[in-house]
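I open the notebook on a structure that is new to me. I want to look up contacts, rings and the core.

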Amino acid sequence: MKRSGMQIAIGIILLIGSLPAMGTKGGPPALDAGLFVSRTTVPGSPDEERFRAAGPIVERIHGASGRTFCAFRPIASSVRDPVLKESATHVLWPLFTSRRRGDERSWNSALIAWGRDANIRDRDSKWNLTVFPVLALGRTAEGHSYGGVFPLGGHLEEVAGKDVIDFVLFPLYSYTRQNDLNTWNLLFPIISWTRAPNEGRFRVFPFYGQAHEPGIRRRFVLWPIWNQTTYSAPQADGYSWMLFPLAGRVNLTNQQSWMALPPFFRYTRTADRREWMAPWPFIQIQRGGDDERTYFWPFYGHRERPLISSSFVLWPIGGTQTFREPKTELSRRWVAPFYFDQRRTDRAAPGPALERRVRVWPLATYQRAGDRMEFHTLELWPAAPVPAIERLYAPFWTLYSHERAGTDVTDELLWGLFRRQRGAGYAYTSVFPLVSWGGSKDNGGAKRWDVLKGFVGYEREGNVRKLRLLYMRFD
C-alpha cells in the first residue's frame with residue numbers, strides 16, 4: 001500500500017508536469033479561483049507560468065528556458081533546469097532525495113543510505129552505495145570493484161579518506177592504506193602499527209605507543225598520563241612533554257608553553273603571539289599574529305582573523321560572523337532560534353545591502369537580492385533554509401506572501417483567497433469568491449470588476465462596454 005501510494009503521488013506530479021504552458025505574459029491571472037485553482041506568472045518572470053490547485057498542495061512552474069518545478073505536497077517535489085543541467089527530487093523528505101548535476105547522480109534515503117553514480121551514461125563509471133553502518137559497495141574510477149558488510153568483513157577503496165580499507169570481524173582485524181602509509185590494527189584501537197618509507201608508528205593502547213616522522217618523535221606511556229615529543233627540525237627544534245593531569249611543557253626554538261592541570265591552564269609565547277587558557281575552555285585570550293581571540297565562554301567571545309571575524313553572546317544563542325571576500329562582505333547576526341539576519345555588501349561602495357535575508361521565527365522571513373524581494377509569514381522552520389523544506393513543507397505555513405521583482409508585485413493571503421497583483425500598466429485585486437477588480441493600460445485602458453465571479457460584473461475595453469448579470473453577459 002505504501003509503495004502504490006508513492007507511485008500515485010509521483011504519477012500526479014508527472015501529470016501536472018505534462019500540462020501545456022498557457023502563460024499570462026505578465027498581466028492579471030489567466031485563471032483565478034482562489035485557493036482552489038489559479039494560473040499566474042512568477043513576479044518579474046513573465047515567461048514563467050505558475051499553476052496551483054488545492055491551496056498549497058499542487059504546484060507547477062514552467063519557464064520558457066525549460067526550467068520546471070512540480071510539487072504534490074507534502075508527498076513529493078521535483079525541479080529541473082536544462083540550462084544548468086541540474087535536477088532534484090524529494091519524496092517525503094528526509095525519506096528520499098535524488099539529485100543530478102550533468103551526468104552525475106546522487107541520492108540518499110532516511111539519512112542512512114547514500115548512493116552516487118559519477119556518470120549515468122557510462123556503465124563502467126565510478127559509483128558507490130552506503131547503508132550506514134552495515135553495507136558499502138562501489139567501483140573506483142579505475143574500475144576496481146569493492147564491498148563490505150560491517151562488522152563481518154570487506155575490502156573498500158576510496159572511502160573515509162583512505163585509499164584502501166580491509167577488515168575482518170571488526171574490530172578484530174583491519175588494514176588501511178593512504179598514499180604510502182600502511183596501517184594494521186588488531187582489536188582496534190588497542191594494537192596498531194604503521195609503516196611508510198619515512199614514517200612509522202606502533203601502539204598497544206593505552207599502555208605504550210611511539211611514532212616517528214622526519215624531524216619528530218612521539219611516545220606515550222599509560223595514555224594520557226605521560227606523553228613526550230622531541231623535534232629536530234631547524235624551524236622547531238626542542239621537546240614537549242605532559243604529565244596528565246598535573247603539568248606540561250613545550251620548549252621549542254619558535255614556541256614556549258607551560259601547562260598546569262592540562263588542558264585547563266596553559267600559557268604560550270612565540271615571537272609575535274601570546275596565548276592564555278585559564279581555565280580552558282572558559283577563558284581563552286590570544287594576542288598577536290594573524291589570530292586574536294578573547295573568550296569568556298559561554299558568556300562572551302570575539303575572534304579576529306585576516307578574512308573572518310566572529311563573536312558570540314551566551315553561546316550558542318547569540319552570535320555574529322563576517323566573511324571578507326575580494327569584492328563583497330558577508331555578515332550574519334543571530335539570536336537562536338528566533339532571529340537570523342544575513343546580508344552581503346559591496347566593500348568598495350558602502351551602502352544598502354546587495355543581498356539580505358532575515359528570519360524572525362516563527363513569524364516571518366524576508367529576503368532580497370537585487371530588485372527581487374520576498375516576504376512570507378509564518379516561518380515555522382527554525383534552522384537554516386533547506387531546499388526540501390522550502391519546496392515540500394513551507395507553503396503549508398505560508399499564510400501570507402509578498403513578492404516583488406522590478407515593477408511586478410504580488411500579494412497573497414491564505415493561498416489565494418486574497419490576491420493582489422500590480423505591474424507595468426496593470427493592476428488586479430481579488431477576494432475570492434466575493435469580488436475582484438482591476439484594469440490595464442492596454443486596449444485604451446481596460447477596466448473590470450465583478451461580484452461572486454460574474455453574478456454581477458462590468459468590463460470596459462476602449463469604447464466597448466460589457467455588463468454581466470446573473471452570470472450572463474450583455475454587450
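**Entry 1: a glutamate and its partner**

I find a polar contact between the side chains of glutamate 59 and arginine 73, at 2.7 Å. For a polar contact I take a pair of N or O atoms within 3.5 Å; within protein, one must be able to donate a hydrogen and the other to accept it, and residues adjacent in sequence count only if both atoms are side-chain atoms. The model is predicted, so local features need pLDDT of at least 70 and side-chain atom pairs count only at pLDDT 80 or more, while totals for chains, interfaces and linings use all residues. Residues are numbered from 1 along each chain as its sequence is written, and side-chain values use heavy atoms, with hydrogens and water left out.

I place glutamate 59 in strand β4, residues 58–63 (strands are DSSP runs of E, at least two residues, numbered from the N terminus). Is glutamate 59 buried or exposed? Glutamate 59 is buried, because its relative accessibility is 10% (buried is under 20% relative accessible area, exposed over 50%, partly exposed in between, with a 1.4 Å probe and protein chains only).

**Entry 2: rings**

I look up aromatic pairs next: rings of Phe, Tyr and Trp (its six-membered ring) with centres within 6.5 Å; planes under 30 degrees apart are stacked, over 60 edge-to-face, the rest tilted. The count is 19 aromatic pairs. Phenylalanine 96 and tryptophan 107 form a stacked pair, 6.4 Å centre to centre with 25° between the planes. This pair links distant parts of the chain, 11 residues apart: phenylalanine 96 is in strand β8 and tryptophan 107 in strand β9. Phenylalanine 96 is partly exposed at 29%. Tryptophan 107 is partly exposed at 30%.

I turn to phenylalanine 338 and tryptophan 361. Why is this pair tilted? The planes lie at 45°, so the pair is tilted, and the centres are 5.9 Å apart. Phenylalanine 338 is in the loop between β33 and β34, and tryptophan 361 in the loop between β35 and β36, 23 residues apart.

I also note a cluster: ring pairs link Phe150, Phe167, Phe170 and Phe188.

**Entry 3: the core**

Which residues make up the largest nonpolar core? I list 6: Val42, Ile61, Phe69, Ala71, Val79 and Ala88. Such a core is a set of buried Ala, Val, Leu, Ile, Met, Phe, Trp, Tyr and Cys residues joined through side-chain atoms within 4.5 Å. In soluble globular proteins, nonpolar side chains tend to be buried together.

Note on methods. Helices (H or I, at least four residues) and strands (E, at least two) are DSSP runs, numbered from the N terminus.
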